[in-house]
Amino acid sequence: MNRKAVKYLRFSADEQSNYSIERQEMITASWMSHHDVELVDCFIDEGFTATNFDRPDFKKLYSFIEKNYRGIDYLVVADLTRFSREAGDALNIAKEIQRKYGVRIVSAGRGSVYDCTDHNSFFMMGLEFLLGNTENLKRMNDINSGIYAAKAIKQRYIGPHAPFGYRKEGRGKNVLLVPVEEEARVIRFMYEAFLKNVPSYIITADAVTMGFKATGNSALKKVLECPIYCSHQWVKAYKEQPAGLFPLKDQEPIIDVITWNRVQLKIKANNKPRISVADEMPLRGVLHCHCGKLLTGAPSKGKSGNYFYYYKCQDGSRHNNISAVKAHGKLQEIFQYMSLSGRQVKVIVSKSEKAFDIKMKDNSKTLADKQRELAKVEASLQSLEQKWIEEKVTFETYNRWFRDYTHQRSYLRAQVKSLSGNVDTSHSLLIKHIHELTDMGYIYTRANTVQKQQLVRVVFDNGLYFENGSYRTPFIIPQLSHNELIMREKQLLFVDKKGDFFSKIPSGGAGGGRTRVQTHLP
């Protein structure tokens, strides 16, 4: 009776020239013909890696063997690397297929029928798998070292496609990225608009109008974070060689390095992690320890079974372990001492009236100027469209000027909208509620958690910290510091000189890590 087999063929995209399906078909067919083995079925995975078994046809193969193993003697592959390049997983699956279903694996190229129950055969099978694994590691090592050398040392761009704004010129090692001026103008617009606080959706919409091709939610962010535009590229670490930002040789930048770095700083500022807000711990993420770290907070279970909240230093030290009840009570008392007198409120109202009049005059003048500029741009845009209709300008000329005018119009509309805001409403609210400053303790108590945090940040300029049972700050709004001596005598709040708090947090080491220092009350 003829023996029967299933075949498994595979290639990954980076090796198809060496191990094409046709070649594997020839090797396996030759072995089967020579050994008089009948083919039952063939399974092919095209473009899948051998580093795992998450391959569609391999899964079908395993399921087929599971259902039809009584009519199968062999699983034939051209080479065990076609089966897998991960020796451990491959050995286990080969043993499982033979133990459960009696199907032995065949390496047709080597002419070997492996038997997992025979120690010599199992050793040789393991050796072939290991050789494939080693070959894969060497190949990956060669690829990674070549990429690192090309990018970090030779400063070449080796990406498959040029990013929007550039085109590739030259071949092989002589490839250069050359700016495409029409597209480069769009990139510059996106960077400039972002630094001018134009909303992201407006930047993206205007960029698309100007010729930008991507429209996804992250398209703008990808452009703003791409160092290619300032003639640099990110390079991954390779063994002992460091990762980092490396320059591109002989490439003309679209964005200067200073502008690119300003954009990165702004992106990071916008992406600061949010600290969870809890009503029981309103000072968490706002109040600092004297070492400079923000205090965290959590409940602790007492002997009675009740929970008590405490603020603690985030570095795991015993710098501060403050009862939330005491911390809140002291802060409420501090705000009470900040309350303004009726005379002080009248002075503020008088000064605000004068400032409001000046602001309204300036706003009116600036708004009128921007409205005139906007009207002029819209008239130019309308004139351009009329010329295009009358065929007085070419499409290229129309397209170029249309993008420029649209760009200007977006900027001016955003400025007009901002200047048209109702300043009078803000001033009316100030006059309506300013009398409440005569009871700052009540304001703090009545505020919700988010409002309390914002109040603390504004009053103390993000510098409030806790040390030796008292609050301290390098800054307090001058108008609220009239009872500073009383708060100091009661050891509620000590106002240090500006910069004292930060001088207590020297940085050390290459990473700028904080160094603990000893501080004392004055």
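In helix 6, Tyr191, Phe194 and Leu195 meet Thr259, Trp260, Arg262, Val263, Lys266, Ile267 and Asn270 of helix 9, where contact means heavy atoms within 4.5 Å. Helices (H or I, at least four residues) and strands (E, at least two) are DSSP runs, numbered from the N terminus. The residues of this contact of helix 6 with helix 9 comprise six nonpolar, two polar and two charged. In this division Ala, Val, Leu, Ile, Met, Phe, Trp, Tyr, Cys and Pro count as nonpolar, Asp, Glu, Lys and Arg as charged, and the others, Gly among them, as polar.

The model is predicted, and local features need pLDDT of at least 70, side-chain atom pairs count only at pLDDT 80 or more, and totals for chains, interfaces and linings use all residues. Residues are numbered from 1 along each chain as its sequence is written, and side-chain values use heavy atoms, with hydrogens and water left out.

Axes are lines fitted to C-alpha atoms, for helices over the stretch in contact, and angles run from 0 to 180 degrees between N-to-C directions. The crossing of helix 6 and helix 9 is left-handed, a term used if the near helix is turned anticlockwise from the far one by less than a right angle, with right-handed used if clockwise.

Leu331, Ile334 and Phe335 in helix 10 meet Leu455, Val456, Val459 and Phe460 in helix 15. This contact has seven nonpolar, no polar and no charged residues.

An open sheet is made of three strands in the order 11-12-13, with antiparallel pairing; two strands pair if DSSP finds at least two bridges between them. Strand 11 (295–301) and strand 13 (321–323) are the edge strands, each pairing on one side only. On average, neighbouring strands of the sheet are turned by 35 degrees against each other, direction ignored. Helix 10 (residues 324–337) packs on this sheet and touches strand 12 and strand 13. The direction of helix 10 makes about 70 degrees with that of strand 13. Strand 11 is joined to strand 12 (residues 307–313) by seven bridges, and Ser300 stands opposite Phe308 in strand 12.
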